[in-house]
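Please open the structure in your viewer and keep the selection tool at hand, as this tour moves from one selection to the next.

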Amino acid sequence: MRIPFLTAVFAAVLALPAGAQTQPAGPTLAAVKARDLLVCGTSTGAAGFSLPDSRGEYRGLDNDLCRAIAGAVLGDATKIRWVPLTTTARLPALQSGQIDLLIRTVTWTQGRDTANGLNFTAVSFFDGQGFMLRKSLGVTKATDLAGASICVVAGSTNELNLADWARTNNIRYSPVVFEQNDEARRSYLAGRCDAYTTDASQLAGLRASYPNPEEHVILPEIISKEPHSPVVRHGDDQWFDIIRWTFFALLTAEELGITQANVDSFLKSQNPEIRRLLGLSGDHGPLMGLDRNWAYNAIKAAGNYGEIFERNLGQGSQIKLRRGMNDLWTRGGLMYAPPIR
């Protein structure tokens, strides 16, 4: 959607004071602005995170985060070219410059962060790997999967985690490995393997999409830490800052009660934190080469983090996940944004 023009009063307030300088655009920001389009790497299909709807529009938490960034950078959440990528193709696509940004259920690991010329910006979703299988098998705990065939995607952290877990617990299993998530999911449903393993949130989304979800059970054990994060290339600190602080702005908006629908009502606020967030004071956008209304535009594009979670994964969605670790720190979760000041 196109973000509406700011009122004349708001536009005047956002005008840079005399002498203030917007930082020059670095290589990625300059390329995005020159083409007037953000190229965002996304999943080939992960319910709740990235999945085309009946009209071919990508819907999910990852997609909405990309829309927020398009709003912050270009002032228009529709100026995105989606590049669906398989698990094995996603990192090379970013490394080669095929995409500007990768937001695709990518787990932040030490090896990926240091050996691939990539930077992970901020944890956008805390997850963990689990197992799903048919209830008719009578399995109630993961260690009962000894001798089972297990579907898993090649080149994913799930493949390595499965091998590590089996070795640690002295369990033999038969891996059934696929190139793409969709292949693994279809094969599990067709009975080619006894169980399917991936991030627990994706298992919940997959189970909810089945004709008879009650026939499948997700085991309670979580065998790994899977912190998801938007990813950028090494060597462009400005672009790294833009992606990271746009996400933090969405968290801050939720803390302050600012939503996609009510953000305009906060433009007269005298709260210093709100004024800094919405560009009414300070030069926080220009420090990154953006307009002062960058966070306002991001919120108008996609809503705050809680709204994004709720419509894609929470009680307002088919998946109906609880916030849990992904709730704000003020409510017992792990989501915490450094201050914008």
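Which pattern do the disulfides of the protein follow, with bonded cysteines counted along the chain? In this predicted model, they follow the pattern 1-2, 3-4, and the count of disulfides comes to two.

**The disulfides**

Begin by selecting Cys 40 and Cys 66, which are joined by a disulfide with an S to S distance of 2.2 Å. Because Cys 40 lies in strand S1 (residues 38-43) and Cys 66 lies in helix H3, this pair ties together parts that are 26 residues apart in sequence. Both Cys 40 and Cys 66 are buried.

Next select Cys 151 and Cys 193, where the S to S distance of the disulfide is 1.9 Å. This pair links distant parts of the chain, since Cys 151 sits in strand S9 (residues 149-153) while Cys 193 sits in the loop between helix H7 (181-189) and S11, 42 residues apart. The torsion about the S-S bond of Cys 151 and Cys 193 is about -105°, so the disulfide is left-handed. Cys 151 has 0% relative accessibility and counts as buried, and Cys 193, with a relative accessible area of 3%, is buried as well.

**The cavities**

Rolling a probe the size of a water molecule over the atoms shows where empty space is left. Two cavities of 30 Å³ or more are counted here.

For the largest cavity, with a volume of about 120 Å³, select Arg 90, Thr 105, Ser 156, Asn 158 and Gln 202, which lie nearest its centre among the 15 residues of the lining. Then colour helix H4 (87-95), helix H6 (157-168) and strand S11 (195-199), each of which supplies at least two residues of that lining. By class, the lining of the largest cavity holds one nonpolar, nine polar and five charged residues.

**The largest pocket**

Finally, turn to the largest pocket, in which about 480 Å³ of space lies. Select Ala 200, Ser 201, Ala 204, Leu 321 and Arg 322, the closest to its centre of the 21 residues that line the pocket. Helix H8 gives the most to this lining, with five residues.

Definitions and conventions. Residues numbered from 1 in each chain as written. Predicted model: local features only at pLDDT ≥ 70, side-chain atom pairs only at ≥ 80, totals over all residues. Heavy atoms only, no water. 1 Å grid on protein atoms, 1.4 Å probe; cavity = no way out; pocket = protein on both sides within 12 Å on 5 of 7 lines; lining within 4 Å. Points joined across faces, edges and corners; volume = space filled by probe spheres on them. Helix = DSSP H or I, 4+ residues; strand = E, 2+ residues; numbered from the N terminus. Nonpolar A, V, L, I, M, F, W, Y, C, P; charged D, E, K, R; others polar. Disulfide = S-S within 2.5 Å. Buried < 20%, exposed > 50% of the residue type's maximum accessible area, 1.4 Å probe, protein only.
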